[in-house]
Amino acid sequence: MSKTWAQCLDTLKDTIPLAEYSVWIHPLKVIEDQHTLTLLAPNTQVKNYLGKNLKTQIKNAVVQHNKNLKIFISLAPDTSPDKPNYKKHSTPLFEDYTFDNLVLGGANQMAYAATKQIAENIHGSPYNPFIIYGGSGLGKTHLMQAAGHLAKAKNPNLKVMYVPLMDFVRNITSSLRHNSIESVKAFYQSADLLLVDDIHLIAGKEKSQEEFFHIFNFLFNGKKQIIFTCDQSPKKIKSLEERLKTRFSQGLNLHLTPPELEMRAAILLKKSQNEKININLTEDLALYIAGHITSNVRDLEGALLKLKAFVDFSKINQSFISKEVVETALGDLIKPIIKNIDVNDIQKEVAKHYALTVSDLSSKSRKQHLVLARQMAIYISHELSSLALSKIGKQFGNRDHTTVIHAIKKIEEKIENPDIKNDYDLIKLKLANL
């Protein structure tokens, strides 16, 4: 580095904001001879910004230390003898990860709305950066890439760049080996929409954090949109520089939670119709599987593939996929419903299912629909709680144990009715997920 430019840098650090210095001054290379000082910008955007916004400050700093030098701002030539192909680390968007293929529910409704709004307003969104965080397999990457697809559909000239974090790290490592760090930074800085998967993996990687900080500032100050996925709130990432935590927190951070029962069933039904799977799954079977596989979308997909393999290899007719077939195919995945469920929880779930209040179940009313609900609640309480019959009766308006026995027998008789059996199965599925 030239002596004059080193002195100018000290002056510029004191005269312009640190963020602006990091983004626009720090990347510059310099050539100095007897009469000129040539500043080499890594790309056109930097060159144009300097000429429009910082040329006066630079000129004043140079004059302060060497008033005989003329200043020129040019693009840096690419002189790397073995330039790495950075595009190989920019992964194409997955064609299935679109908003149309997304199943909506309470778990992802807000994240969906925010992601779609951002995709429709790339250069004017107030949510920058936007970070979707949560456990593995919840659809974070799907949402993020859906934003990329929609943004490209609205503006085909938009440069959308998707990169898993570890690919970014490999790029940084390669650029250090080839002495071409400015080229790799310019590559990422050219994005209009930067999508980074698993940003938490940058923790502890000091050089990658340093370069990512400069890339982030460049894009943010240029009003380019940045979307990340993360396995936890950025504030909780250990070994992450405070300056990155601060920048990650200045935008919108949304937590993605595991899908609820109905959403899991809807996911199963939608994915079962995918041409790669294409199995005949009924709504009842989807609810049954969803009631036992509660973790994430990825596990639901795995269960469907396992069911498909069993059906195909066993040469079972698609029209005859039954509960017994599902239990055989997914035996190691189907967990028994937990016993000793509190009667209060059972009453709440039964009342909710039949659109009643909990107090209705303990009342003296003999209305037919209310009697059925009360008997169902007593039957399930006997099956899933640890209470004796007399104590169950007390929970339902101080009824005696003979009334409880009568209710149990009535449901045993009625459960052959498909509608009542469906009520029973749905209530138990809800209780299994408490």
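Predicted model: local features only at pLDDT ≥ 70, side-chain atom pairs only at ≥ 80, totals over all residues.
Helices (H or I, at least four residues) and strands (E, at least two) are DSSP runs, numbered from the N terminus.

Residues are numbered from 1 along each chain as its sequence is written, and side-chain values use heavy atoms, with hydrogens and water left out.

I begin with the overall form. The protein has 19 helices and eight strands. Its radius of gyration is 31 Å, well over the 22 Å that the globule rule gives for 434 residues, so the protein is more spread out than a compact globule. Here the radius of gyration is taken over C-alpha atoms, and the globule rule is 2.2 Å times the number of residues to the power 0.38. Along the principal axes, the C-alpha trace spans about 105 × 50 × 35 Å.

How much of the protein is buried? Of the 434 residues, 47% are buried; the word buried means under 20% relative accessible area, exposed means over 50%, and partly exposed lies in between (1.4 Å probe, protein chains only). The protein exposes about 22,000 Å², and carbon and sulfur atoms supply 50% of that area. These areas come from the Shrake-Rupley method with a 1.4 Å probe, and for residues only the protein chains shown count as cover.

A contact means heavy atoms within 4.5 Å. Among contacts between residues at least 6 apart in sequence, 75% join residues at least 24 apart.

Next, the largest pocket. On a 1 Å grid over the protein atoms alone, a pocket is an open set of points with protein on both sides within 12 Å along at least five of seven lines, whereas a cavity is a set of points where a 1.4 Å probe fits but cannot get out; lining residues have an atom within 4 Å of a point. The largest pocket has a volume of about 800 Å³, where grid points are joined across faces, edges and corners, and a volume is the space filled by probe spheres set on the points.

Which residues lie nearest the centre of this pocket? They are Tyr-97, His-142, Lys-271, Val-297 and Glu-301, from a lining of 32 residues. Helix H5 (140–154), helix H10 (261–272) and helix H12 (297–313) are the elements that give two or more residues to that lining. By class, the lining has 11 nonpolar, 11 polar and 10 charged residues. In this count Ala, Val, Leu, Ile, Met, Phe, Trp, Tyr, Cys and Pro are nonpolar, Asp, Glu, Lys and Arg are charged, and the others, Gly among them, are polar.

I now come to some points of backbone geometry. Most residues other than glycine have a negative phi, and most peptide bonds are trans. Against that background, the peptide bond from Asn-128 to Pro-129 is cis, with omega near 0 degrees. Pro-129 sits in the loop between H4 and strand S4 (130–133).

Lys-315 is not a glycine, yet it has a positive phi of about 55 degrees. This residue is in the loop between H12 and helix H13 (323–329), and Lys-315 is exposed, with a relative accessible area of 74%.

Ser-239, also not a glycine, has a positive phi of about 60 degrees. Its loop runs between strand S7 (225–230) and helix H9 (242–249), and Ser-239 is exposed at 55% relative accessible area. What does Gly-204 touch, not counting residues up to four places away in sequence? Gly-204 touches Gln-209 and Ser-239. Gly-204 and Ser-239 are 35 residues apart in sequence, and 4.9 Å apart in space, C-alpha to C-alpha.

Finally, two residues in helices. Residues up to four places away in sequence aside, it touches Phe-99, Phe-130, Ile-132, Leu-143 and Ala-147.

Tyr-424 belongs to helix H19 (residues 418–432) and counts as buried at 9% relative accessibility. Beyond its neighbours within four places in sequence, Tyr-424 is in contact with Met-376, Tyr-379, Ile-380, Glu-383 and Ile-415. The C-alpha atoms of Tyr-424 and Gly-124 are 300 residues apart along the chain and separated by 51 Å.
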